[in-house]
Amino acid sequence: MEHKEEYSWTIEAKASLFDLKFGEIWAYRDLLWLLVRRDFVSFYKQTILGPLWFFIQPLFTTIIFTFIFGNLAGISTDGLPKPLFYMAGITAWNYFADCLTKTSTVFKDNAGIFGKVYFPRLIMPLSIVVSNLVRFGVQMLLFMLMMAYYHFTGAAFHITWAIWLFPVIVVLMALLGLGTGMMISAMTTKYRDLAFLVTFGVQLLMYATTVIYPLSEALNKYPEYAWIIEYNPMTPIIETFRYGFLGEGSFSWGSLGYATGLTATLLLFGVVIFNKVERNFVDTV
């Protein structure tokens with residue numbers, strides 16, 4: 001009697017731009033973890049301090065922000081200790097920015113792998129989000145150590161009920177960076193020099209987000225430009241993050257709902273564009 005083999009799926013062209021093939025993504029979950037490990041090892045393999053850079057980068061950025069924006073410019077931090085205020089914003093912003101910039105060049109950076117072997121292409125940007133989550137976790141540890149230090153020195157801050165929204169905040173940052181990055185990936189595939197513009201643009205976008213100043217300060221001193229900051233989806237995310245951990249920030253369910261809706265929209269467009277570019281990007285890269 002002949003043995004008839006059964007297969008779980010068939011490799012074929014996507015019938016729809018919305019076809020995510022979650023079954024295949026789950027089947028390739030081991031590959032996802034291997035890619036996460038690859039990103040971690042390759043980035044720090046030939047460095048002297050290795051993973052200590054996870055701590056050094058946000059720490060030095062916090063020191064510089066405290067000196068320039070807190071001391072020289074005298075920008076308000078809503079009564080919070082300046083290093084603690086800036087560390088909160090930097091920790092949240094870095095995760096979003098890393099997800100966006102690395103996802104935006106996913107086709108260009110992995111053209112060699114994409115052109116040789118089949119696997120669900122969405123695995124690659126997902127691995128970027130997860131690998132950056134490791135870095136975010138380490139920086140959160142540094143932030144919590146700083147919170148403990150200022151707590152024992154008697155600084156005026158307190159944890160609020162909004163800390164329970166922390167998982168939601170992390171998911172929003174990840175999906176916002178993922179969706180926006182996948183949209184931009186279509187352009188960086190054809191025009192490689194746009195990758196430099198993206199990196200520069202993300203740095204500029206930080207100044208339109210409440211990383212170095214509270215939303216209340218922007219509303220009071222620059223009301224004519226405040227709408228730019230308010231409509232930035234990362235603003236309510238960072239404000240909620242600060243409000244939950246430090247008890248200061250302009251928390252609003254409406255603003256958080258707006259950020260959630262915009263994130264879902266950008267993610268949807270990002271998936272559609274990613275699936276469209278995936279079909280013929282090898283001819284372009």
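User: Is Trp253 buried or exposed?
Analyst: Trp253 is exposed, with a relative accessible area of 55%. Buried here means under 20%, exposed over 50%, and partly exposed in between (1.4 Å probe, protein chains only).

User: What kind of model is this, anyway?
Analyst: This is a predicted model, where local features need pLDDT of at least 70, side-chain atom pairs count only at pLDDT 80 or more, and totals for chains, interfaces and linings use all residues. Residues are numbered from 1 along each chain as its sequence is written, and side-chain values use heavy atoms, with hydrogens and water left out.

User: What's the mean pLDDT of the chain?
Analyst: The mean is 82, and 82% of the residues reach 70 or more; pLDDT is the predictor's confidence in each residue, from 0 to 100.

User: OK, rings. How many aromatic pairs are there?
Analyst: The structure holds 19. Rings of Phe, Tyr and Trp (its six-membered ring) pair if their centres lie within 6.5 Å; planes under 30 degrees apart are stacked, over 60 edge-to-face, the rest tilted. One of them is Phe166 with Phe241, tilted at 45° and 6.2 Å centre to centre.

User: Where do those two sit?
Analyst: Phe166 is in helix H8 (residues 166-190) and Phe241 in helix H12, 75 residues apart. Helices are DSSP runs (H or I, at least four residues), numbered from the N terminus.

User: And why does Phe241 count as buried?
Analyst: Because its relative accessibility is 2%.

User: What does Asp39 touch?
Analyst: Skipping neighbours within four places in sequence, Asp39 is in contact (heavy atoms within 4.5 Å) with Ser127 and Ser131.
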